[in-house]
Amino acid sequence: MTNQTSQPRQTGKGFALAVFSALMLATTAIIIRYLTETYRIPALVLAFWRDVLVTLVLVLILLIFQPRLLKVERRFLPFLAFYGLVFAFFNGLWVESVVLNGAAIATVLSYSSTAFTVLLARWFLKESLNWDKILAVILSLLGVTLVSGLVDPAAWHTNFVGVLVGVLCGLSYAIYTMMGRSAAQRGVNPWTAILYSFAFATVFLFLFNLVPGKYFVGGTMQIRDLGWLGWDPVAWGIMFLLAAGPTLAGFGVFNVSLGYLPSSVANLLMCTEPVFVVVFAYVFLKEKLTLVEILGSALIISGVIILRIKEGQVLRKNKAGSAPGVETGETS
């Protein structure tokens, strides 16, 4: 009787944590947009310092609460280094996409990662490609076309670079997600994987910034540009807020929500992130979406939702077949 009474409370707590995580992560694009517009900081410089601060904060937290997670087997280091390289590309492309496209559209375009994940999993992991996945890919591609404005031939000249960066951001995030799954399959603790991916990404972003900006979009024009913010305490305070707030705490709260909810449900709730971003971008940045962009956003999110629902159905079916009665404790 106690379990039946506590289960709704636990599920409700999980829902609240997942939505709160989406809310926190939604502020990432807003803070990045504010920093780049107010201080004109280059995209790759911002991405570098963001990863530096996240790494330092996470090292301090793990050192205090879970020092064993700071260590990793040497045989995993090459994999984690490549993991960090992919993450560095994603971070750089993400900041650049926010600069070029705005917070709202950049967030929506990043959700094209769903379509890329389906296709990459088919090609490299030999996963099945059923009609649900095909429909999700079609919806995602249609949505990206509408959101990016590529239905208008003129957009190919005026916004092509922004769209390309936004779509590449989605592709890099899809690869990063697949490598996260691979890290889990190799037995690497999620927090250890996050720490090392950020640490290696910091190194690679530093190297990227050594390439002059005229050759590498969003980078430094000269090495001293890494100190772009100077000694401005407000700017560094906002940068720290970006790292320790929505970036680190957002992912952390999401991981906690997985202790109360099935992963399919938690991931589905994360689809509220673009909604929060659109609202925040309108209130704080005065960004507005046209009806066509809203329709495109709805198509992309619909594709994500279709996959999440299908994932939940498969998980429930597998659990019901392997352990009868297990599913009674889950909410979908």
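Helices (H or I, at least four residues) and strands (E, at least two) are DSSP runs, numbered from the N terminus. The structure is a predicted model, in which local features need pLDDT of at least 70 and side-chain atom pairs count only at pLDDT 80 or more, while totals for chains, interfaces and linings use all residues. Residues are numbered from 1 along each chain as its sequence is written, and side-chain values use heavy atoms, with hydrogens and water left out.

**View 1. Ser297 in helix H13.**
Ser297 lies in helix H13, which spans residues 291-322. Because its relative accessibility is 12%, Ser297 counts as buried (buried means under 20% relative accessible area, exposed over 50%, partly exposed in between; 1.4 Å probe, protein chains only). Leaving aside residues up to four places away in sequence, Ser297 touches Val108, Val147 and Leu289, where contact means heavy atoms within 4.5 Å.

**View 2. Helix H4, residues 103-110.**
Helix H4 is mostly covered, with eight of its eight residues buried. The buried residues of H4 are Ala103, Ala104, Ile105, Ala106, Thr107, Val108, Leu109 and Ser110. Of these, Val108 is also one of the residues touched by Ser297.

**View 3. Ser113 in helix H5.**
Ser113 belongs to helix H5, residues 113-124. With a relative accessibility of 8%, Ser113 is classed as buried. Its contacts, not counting residues up to four places away in sequence, are Gly170, Tyr173 and Ala174. The C-alpha atoms of Ser113 and Thr177 are 9.0 Å apart, although 64 residues separate the two along the chain.

**View 4. The packing of helices H2 and H9.**
Helix H2 (residues 43-65) packs against helix H9 (residues 190-209) at an angle of about 150°, and their axes are 8 Å apart. Axes are lines fitted to C-alpha atoms, for helices over the stretch in contact, and angles run from 0 to 180 degrees between N-to-C directions. H2 and H9 are therefore roughly antiparallel to each other (angles under 35 degrees count as roughly parallel, over 145 as roughly antiparallel, 65 to 115 as roughly perpendicular and the rest as oblique). The crossing of H2 with H9 is left-handed, a term used if the near helix is turned anticlockwise from the far one by less than a right angle, clockwise being right-handed.

Arg40 is located in the loop between helix H1 (2-39) and H2. Although Arg40 is not a glycine, its phi is positive, at about 55°. Arg40 is exposed, with a relative accessible area of 60%. Lys286 is placed in the loop between helix H12 (273-284) and H13. Its phi is near 60°, again a positive value in a residue other than glycine. Lys286 counts as exposed at 63% relative accessibility.
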